[in-house]
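Subject: Structure handover

Hello,

Here is the structure for your files. My notes on what was found in it come after it.

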Amino acid sequence: MKRYRILIILIVLTACVGNRKEIPSPQSITYLPQTNTPYENGKYHGLQLKNEVRLQIEGWEKGITSILKIDRDSMCAIVYKHTNFLTAIERFAPELREEMNGIADGAGLDRDLVLYFNLGEEIFNFCTTNVESCSNIAFQGNDIRTLAYNQDLPTFLHGKNRPVILDHQDHYVFTMPGSIALSGVSNKLAVSCNSLPMLRMNKDGLPLVFFIRQLLTLNTMEEVQQYIAKVPLAIAQNLLLISPTEISNIEISKNQTEWESAKGDGFYHHTNFPLRNTDFKSPDYRPAACERYNYLDQKKVNLLETANFDPAISLESICAQAPIRNNETYLRFVVTYRKHQEMTLKFINPKTQESIHLKF
């Protein structure tokens, strides 16, 4: 009987190992499985990356206070007195607040400090209209859709230059130590975002990291459209999204949402300047020239004149060159959905050129 029990245990363990995804482990990218409750997932994140989380948040606090000339008390006032961000979080994504609390407890940090860190984009936009430098480009062809994205962050946020992949079984979240989201991909939807700080923010809206996480749980562009219509986003963003069947390029601000669906084969791209949305913070704002738009426009022309190009390779190459790649480029991913084929997903640390091919 004892031998029989041992045999059963070995069979179960073998089956479990066989069903697990292969866990990649390059030196400059951190991979964290997330299989527990939101709080326990966050605590695991905080415990596993304790030093990295503390370093990341320390660098962020020094950087943002230096740029904005504010202290932690000012951050507290923005979050607790001058906005309704917490009300939106409690209404639309309370479980993710628990994940943040877990990160704080695991890393031995004040919970409010980790909250402010995750609301860094909102705090920054509350105080300034400084433009950032993210870029994305998508291609739609016959039975294929590809998205390549450079997520750029201020250099004080780069820490040890080790971006994080959170594996939530049905989707991947791409982020940095201590943060619950920057962007991500599922086998139904890929989410990239560019800040549009010249447009009006919504002080009653859901902060961006929560919004991204919720989008990654959706299955179709129709569900995305319904979600955006129901849930206000705190800060103005461009969302360039692709699914196995569609590409959508969206500009969201407090009073205006501009939605462009890809109508035919070709390229779609965006940076940190609005193309259609005119909900400006200042009536005196005048659209500025963006060299990244000019670069992407020319690359699109060149590729369309090239026979039999591979969209994934071509878009990754575009994102690896200046001015799209710059000293603030923190992570890059390239995802392709093909009809009747498995999707392909490559995650890259641009600083080291290490990469991972991820599977579902």
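**Cavity and pocket**

A search of the whole structure finds 1 cavity of 30 Å³ or more. On a 1 Å grid over the protein atoms alone, a cavity is a set of points where a 1.4 Å probe fits but cannot get out, while a pocket is an open set with protein on both sides within 12 Å along at least five of seven lines; lining residues have an atom within 4 Å of a point. Grid points are joined across faces, edges and corners, and the volume is the space filled by probe spheres set on the points.

Before the details, the basis: this is a predicted model, in which local features need pLDDT of at least 70 and side-chain atom pairs count only at pLDDT 80 or more, whereas totals for chains, interfaces and linings use all residues. Residues are numbered from 1 along each chain as its sequence is written, and side-chain values use heavy atoms, with hydrogens and water left out.

The largest cavity holds about 40 Å³ of space. Its lining consists of Glu52, Leu55, Gln56, His158, Gly159, Lys160, Asn161, Arg162, Pro177 and Tyr330. Helix α3 gives the largest share of that lining, 3 residues. Helices (H or I, at least four residues) and strands (E, at least two) are DSSP runs, numbered from the N terminus. By class, the cavity lining has 3 nonpolar, 4 polar and 3 charged residues; Ala, Val, Leu, Ile, Met, Phe, Trp, Tyr, Cys and Pro count as nonpolar, Asp, Glu, Lys and Arg as charged, and the others, Gly among them, as polar.

The largest pocket holds about 450 Å³. It is lined by 31 residues, of which Glu121, Glu132, Leu153, Pro154 and Leu157 are the closest to its centre. At least two lining residues come from each of α3 (50-68), α7 (111-118), α8 (120-127), β3 (144-152), β7 (190-195) and α9. The classes here are 19 nonpolar, 8 polar and 4 charged.

β12 (residues 329-338) and β13 (residues 344-349) run antiparallel and are joined by 5 bridges. Arg332 stands opposite Ile348 in β13, and Phe333 has Phe347 of β13 as its bridge partner. Ile348 is also bridged to Ser355 in β14; β13 and β14 run antiparallel with 5 bridges between them.

**The 8-strand sheet**

Another open sheet, of mixed pairing, has 8 strands ordered β1-β4-β5-β6-β7-β8-β9-β10. Its edges are β1 (30-33) and β10 (257-261), each with a single partner strand, so one side of each is left without a neighbour in the sheet. Strand β9 (residues 247-252) pairs with β10 in the antiparallel sense over 5 bridges, and Ser248 stands opposite Ser261 in β10. Helix α10 (residues 221-230) lies across β8 (237-242), β9 and β10, running at about 175 degrees to β10.

**Backbone points to check**

Most residues other than glycine have a negative phi, and most peptide bonds are trans. The exceptions found include these:

- The Ala322 to Pro323 peptide bond is cis, with omega near 5 degrees; Pro323 lies in the loop between α12 and β12.
- Asp143 has a positive phi near 65 degrees and is found in the loop between β2 and β3.
- His340 takes a positive phi near 65 degrees in the hairpin of β12 and β13, which has 5 residues between the strands.
- Gln353 takes a positive phi near 70 degrees in the hairpin of β13 and β14, which has 4 residues between the strands.

Regards

Technical notes
Pairing = 2+ DSSP bridges. Contact = heavy atoms within 4.5 Å. Axes fitted to C-alpha atoms, helices over the stretch in contact; angles between N-to-C directions.
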